[in-house]
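Subject: Structure handover

Hello,

Here is the structure you will be working with. Please open it next to this email and follow along; the notes on what was found come after it.

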Amino acid sequence: MKCEHIAELLPDYLQGRLSAEQHHNVEAHLEQCADCSEEVVIWRKLSLLPVDQPDPASRARFEAMLQAYKAGRSNQPEGGTEWRKRASVWSWNVFHWLRSPLGAAAWGAALLAIGVFAGLRLAGPKPPSLDLAAMQSELASMKQLVVLSMLQQQSASARLEGVTWSTRDQQLDPQVLSALLHTLRYDASVDVRLAALDALSRHGRQPQVHKAILDSLQQQQSPLVQVALIDLLLEWRDPDAAQRLQALQQAPNLNPTVRQRVEWARSKLN
Amino acid sequence: MLQVRDGAGETLGVLFDRYQTPLFNFYSKLTGDRTLSEDLVQEVFLRILKYRQSYRPGTPFRAWVYQIARNARIDHFRKFPPQTALEPEMLPPVLPTDSAQEQQEVELLQRALQQLPEEKREILLLCRFQELKYEEIAVLLGCELNTVRTRIHRALQDLRKAFHQLAHGTMLKKAEAAAAESIPPRGGRHEV
């Protein structure tokens, strides 16, 4: 048997899917052909590669995402599967429409109307009722939807506005938090990244947010954001500050200004 | 999966436990970036929730998950094109193994794998680490079964060549170092 013939059989040989006769033929060839047998050796060696373990915090992040998703779904009325399918298609269309300029204007008007209505109810003599609580919850989920939608926009100024919107709430929704962290790491515009950092740093007391912000330091490419993150490290008196700064200082191609800032920060720590 | 499809969100936790590590390894070995890999794994589960109605009962669930995983990665790099090429420093650390030789082989193999073009690396990861059947890979990549076999064979050939080049380079360096040690320095104590 020639190598070309073996090449057709080798992938199945590796997964043990050949007939006894074919298996025997391949083995006979492998004993004589160094190149083909080395391929088999490499295939087996691949099993030596270590299995990378994900961060244990991933599970908590997944739970937060699931909760946020369920909270969003629980506002919809219960119904049959068929009804839910239709509702899902409908909500998908509505979501697309909301992202259009006309939809954005409608959103604005709806939010204003709800705001005025809620304001009147709050100012009125009646004590807060269950209706009001439901409306407030609806308003919060609308805000969240607006922020998430704006952070996905093409235009940097729209994304910037989305970040600003996210600062209006005292509590940060897990989905918005995740979107802001993504913006901080990957947004194409430095201004948007800086705004996201500013918005996130307001919630720096939450250990999860604190860690996620500082973890992004190693991946930052923009000197401006790097400097802002170094300042935060000092401001928060992070216990791992020295270690993080040292790791950053060793990064190749570090901007000279950033390097200077790292040295300054390290001298402050000492 | 049918329970997830019909709205039981709790069951997704079971799927997360089962698929989190394989998916994380798929991404980390493909991109060499741990943080991005974790983000993408979360994105995959969010998409499973969103698009669970599109899963057809009776079809291989694993292939469906990896279809989502591939799309999530493609969408990510479409939005945020990679700015830096994969550096060997970004590779995960190799844990100490029984023998130094084995550890060195693992390191060389990791480097050789990263030198392969992305599509060849991906197909090897899918069949060797994710243990997808060739039929599943064919559906996933949208090609014929025989094409899958040919691609695996070519990827393996390239991996073998890359591994040997790296191993050869390492041996040369060692030989040079050994030669440099055996030559006594001028003016050293060996000189009479």
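A crossing of two helices is called left-handed if the near helix is turned anticlockwise from the far one by less than a right angle, and right-handed if clockwise. By that rule, the crossing of α9(A) and α10(A) is left-handed. Helices here are DSSP runs of H or I with at least four residues, strands are runs of E with at least two, and both are numbered from the N terminus.

Two notes on reading the model. It is predicted, so to speak of a local feature a pLDDT of at least 70 is needed, and side-chain atom pairs count only at pLDDT 80 or more, while totals for chains, interfaces and linings use all residues. Residues are numbered from 1 along each chain as its sequence is written, and chains are lettered from A and ligands numbered from 1 in the order in which they are written.

The two chains

Chain A has 14 helices and 0 strands. Chain B has 8 helices and 0 strands. A residue is buried if 20 or more other C-beta atoms lie within 10 Å of its own, exposed if 12 or fewer, and partly exposed in between, with C-beta atoms placed from the backbone. Of the 270 residues in chain A, 21% are buried; of the 192 residues in chain B, 29% are buried.

Two residues are in contact if their C-beta atoms, placed from the backbone, lie within 7 Å. Among contacts with a separation of 6 or more, residues 24 or more positions apart account for 55% in chain A and for 65% in chain B.

Helix pairs in chain A

Two packed helices are described by the angle between their axes and the distance between the axes. The axes are lines fitted to C-alpha atoms, for helices over the stretch in contact, and the angles run from 0 to 180 degrees between N-to-C directions.

On the α9(A) side the contact uses A:L180, A:L181, A:T183 and A:L184, and on the α10(A) side A:V192, A:R193, A:A196, A:L197, A:A199 and A:L200. By class, this contact of α9(A) with α10(A) has 8 nonpolar, 1 polar and 1 charged residues. For these classes, Ala, Val, Leu, Ile, Met, Phe, Trp, Tyr, Cys and Pro count as nonpolar, Asp, Glu, Lys and Arg as charged, and the others, Gly among them, as polar.

How are α1(A) and α2(A) placed relative to each other? The two pack at an angle of about 110°, with axes 10 Å apart, and are therefore roughly perpendicular to each other. Their crossing is left-handed. In this pair, A:I6, A:L9, A:L10 and A:Y13 of α1(A) meet A:Q22, A:H23, A:V26 and A:H29 of α2(A). The contact of α1(A) with α2(A) has 5 nonpolar, 3 polar and no charged residues.

A residue to look at

A:V262 lies in helix α14 (residues 256-269) of chain A. Is A:V262 buried or exposed? A:V262 counts as buried because it has 23 C-beta neighbours inside 10 Å. Leaving aside neighbours within four places in sequence, A:V262 is in contact with A:I230, A:L245, A:L248 and A:Q249. From A:V262 to A:V227 is 35 residues in sequence and 8.2 Å in space, C-alpha to C-alpha.

A helix pair in chain B

α4(B) and α7(B) pack at about 35°, with their axes 10 Å apart, and their crossing is right-handed. B:R62, B:A63, B:Y66, B:Q67 and B:R70 of α4(B) make the contact with B:E136, B:V139 and B:L140 of α7(B).

Where the chains meet

The contact between the chains takes 32 residues from chain A and 38 residues from chain B. On the side of chain A that touches chain B, the largest share, 7 residues, comes from α4(A). That side of chain A divides into 16 nonpolar, 7 polar and 9 charged residues.

Regards

Key
Angles under 35 degrees count as roughly parallel, over 145 as roughly antiparallel, 65 to 115 as roughly perpendicular and the rest as oblique.
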